[in-house]
Amino acid sequence: MAQLENLYSLDGMTAVVTGGTGVLGGAMAHGLARAGVKVGVLSRHRDTADAVVGDIETARGEGLALITDVLDRGQLEQARNTVIDRWGRLDILINAAGGNMRAATESDDSNFFQIPPDALDKVVALNLQGTMWSSQVFGEAMARAGRGCIVNISSMAAERALTGVPGYGAAKAGVENFTRWRAVELARTYGEGLRVNAIAPGFFISHQNHDLLLDKDDRLTQRGQTIIDHTPAGRFGGLDDLIGTLVWLCSPGASFVNGVVVPVDGGFSAFSGV
């Protein structure tokens, strides 16, 4: 039997984290770096990417800022080549780019019939197409090497109907289906060394959802209270709550785990509300 520390060791691996400057993506980039992974932080914004890489390097990790739009295939290919040229390999892809936008949500002033089609298109493109295109470009390098781990980011909105977020929920449901499809096809075509899984975070406070869950005094809104009432853990997620699951999915200890979606949600998805 392998030594326990070897089962969960990521030392010497390299990773790319799309959306690596967001709240969740940034936490995952830092978590991988703490586990000994060299991390490419992919973002459209130079200043925030440099800041995340700077923090990684201050903590004695190794990072690389990759200024890239996940909906631009040429930029994705350039980022992939930069990682391979710099580190000689690519072991892990975290597809954390995504999110919602106010124009694509229902509100007191706008129901689904009033949501602009272009807003829905943007949300679906960022969450679903961004995941698919990154998986094409970075996954190709993994397929050539015969090894690699892709972790997509889903949402509670993929399996449960959450009010107000029609485009986001549909896109994340597509991410889950794509996760299972790509897991099957990669392993069957290129071997068992290639795996694709997903994490479905529960409710974490981010820049995008802060005003939906907390008021200006950081007290729970009605929606925030409803979420807490339906979360057996009785709290929102903390960023470190994601890291253990992420490291496990990327490690040799999960070498027989493929095509699954792991909820990290404090029990939200298990609770009927009764």
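Reply: Let's start with helix 8, residues 222–229, where Gly224, Ile227 and Ile228 are buried. Buried here means under 20% relative accessible area, exposed means over 50% and partly exposed lies in between, with a 1.4 Å probe and protein chains only. Helices (H or I, at least four residues) and strands (E, at least two) are DSSP runs, numbered from the N terminus. Looking down the axis of helix 8, the buried residues fall within an arc of 95°, so they line one face of the helix; the arc is that of the directions from the helix axis to the C-beta atoms. Part of what covers these buried residues is helix 7 (210–213). In the loop between helix 7 and helix 8 sits Asp218, whose phi is near 60°, a positive value in a residue other than glycine.

A word on the ground rules: this is a predicted model, so local features need pLDDT of at least 70 and side-chain atom pairs count only at pLDDT 80 or more, while totals for chains, interfaces and linings use all residues. Residues are numbered from 1 along each chain as its sequence is written, and side-chain values use heavy atoms, with hydrogens and water left out.

The loop between helix 3 and strand 3 holds Arg60, another residue other than glycine with a positive phi, near 70°. Arg60 counts as exposed because its relative accessibility is 82%.

Further along, strand 4 (residues 92–95) and strand 5 (residues 148–153) pair in the parallel sense over 4 bridges, with Ile94 opposite Val151. Ile94 and Val151 come up again in the largest nonpolar core of 34 residues, among the members that touch the most others, together with Leu32, Val39, Ile199, Leu246 and Cys250. Such a core is a set of buried Ala, Val, Leu, Ile, Met, Phe, Trp, Tyr and Cys residues joined through side-chain atoms within 4.5 Å. Helix 9 (240–250) gives the largest share, 6 residues. Leaving aside neighbours within four places in sequence, Cys250 is in contact with Leu10, Met13, Ile92, Ile94, Cys149, Val151 and Arg195, contact meaning heavy atoms within 4.5 Å.

A polar atom of the Ser251 side chain lies 2.8 Å from the backbone oxygen of Trp248. That is a polar contact: a pair of N or O atoms within 3.5 Å, where within protein one must be able to donate a hydrogen and the other to accept it, and residues adjacent in sequence count only if both atoms are side-chain atoms.

The loop between helix 9 and strand 7 also holds Asn258, partly exposed because its relative accessibility is 29%. The side chain of Asn258 reaches the backbone oxygen of Ala183 at 3.3 Å, and a polar atom of that side chain lies 2.8 Å from the backbone nitrogen of Val196. In sequence, Asn258 and Leu194 are 64 residues apart, yet their C-alpha atoms are 8.6 Å apart in space.

Strand 6 (residues 194–201) and strand 7 run parallel, joined by 4 bridges, and Ala198 has Val261 as its bridge partner. In a regular strand the side chains alternate between the two faces of the sheet. Strand 7 has a covered face with Val262 and Val264, and an uncovered one with Val261 and Pro263.

Key. Pairing = 2+ DSSP bridges.
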